[in-house]
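Hello,

Here is the structure I promised to pass on. Have a look at it first, and my notes follow below.

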Amino acid sequence: YPTDKPGALAANLNLAPTTIGFDKASYQGVNLGATKIALQAKQGVLTISPFQTAVNEGTLDFAGQLDLRTSPMVLTTAASMPKVTNLQLNDIIGQSVLPYLNPIFADAGQLRGKLNLACDQMVIPLSGQHKQNIAILGTVSVDEMTLSSGGLFSELLNGMGQSKEQAMRIRPTKFRVQSAAVSYDDMQLDE
């Protein structure tokens, strides 16, 4: 890279195949087990080779590319990646993620269940200022879900004469994230 332009380092990065890893990591209720990730960069494009790791008693399969030449940098994933299988849900994930998927889950507590996610496309700019440019197409489902409800969901259950504690599942639902909004045609919740 031009040494007189240190900002051009990432855009011109070349990295021989290497492996990085960690014993465990946690963020927003997601707990990853021991992970090794093979990386390589050519001309400012960092390739993340396919890997699998344990996540909340389930598995995560991931592969993708990080374009270091763009501003902001953009993460794209390989076809049918990432894939999450049987991720054990918890209250932290329930409070930080599920209300975006369906507002009916706002104020839900004591959340348990097995989340499954398969993405056909994922494009994520690595800047909080570009959330509207996130694009995700995928399918999500939750099996063996239990929760105690609050908010809108509680009112709906009360109106149907149901208990505030519910066992249910979310059937596989195709969804998309575009222009900072999550949308889907039909999300079916069953007992």
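A residue is called exposed here when its relative accessible area is over 50%, and buried when that area is under 20%. Please keep in mind that this is a predicted model.

By that cut-off Glu144 is exposed, because its relative accessible area is 57%. Its salt-bridge partner is Lys114, with 3.7 Å between the closest N and O atoms. Lys114 sits in strand 9 and Glu144 in strand 10, so this pair ties together parts that are 30 residues apart in sequence. Lys114 itself counts as partly exposed, at 24% relative accessibility.

The count of salt bridges comes to six. Among them is the one between Arg176 and Asp185, at 3.4 Å from N to O. Asp185 is exposed at 72% relative accessibility, whereas Arg176 is partly exposed at 27%. Salt bridges also link Arg169, Arg171 and Asp190 in a network.

Now to the inside. The largest nonpolar core has 36 residues, and those touching the most other members include Leu87, Leu89 and Phe105. Among the elements that give two or more residues to this core are strand 9 (109-125), strand 10 (135-148) and helix 2 (98-101).

Leu68 counts as buried because its relative accessibility is 11%. Its contacts beyond four places in sequence include Ala10, Leu13, Leu46 and Met73.

Best wishes

Key: Residues are numbered from 1 along each chain as its sequence is written. This is a predicted model: local features need pLDDT of at least 70, side-chain atom pairs count only at pLDDT 80 or more; totals for chains, interfaces and linings use all residues. Side-chain values use heavy atoms; hydrogens and water are left out. A nonpolar core is a set of buried Ala, Val, Leu, Ile, Met, Phe, Trp, Tyr and Cys residues joined through side-chain atoms within 4.5 Å. Buried means under 20% relative accessible area, exposed over 50%, partly exposed in between (1.4 Å probe, protein chains only). Helices (H or I, at least four residues) and strands (E, at least two) are DSSP runs, numbered from the N terminus. Contact means heavy atoms within 4.5 Å. A salt bridge is a side-chain nitrogen of Lys or Arg within 4 Å of a carboxyl oxygen of Asp or Glu.
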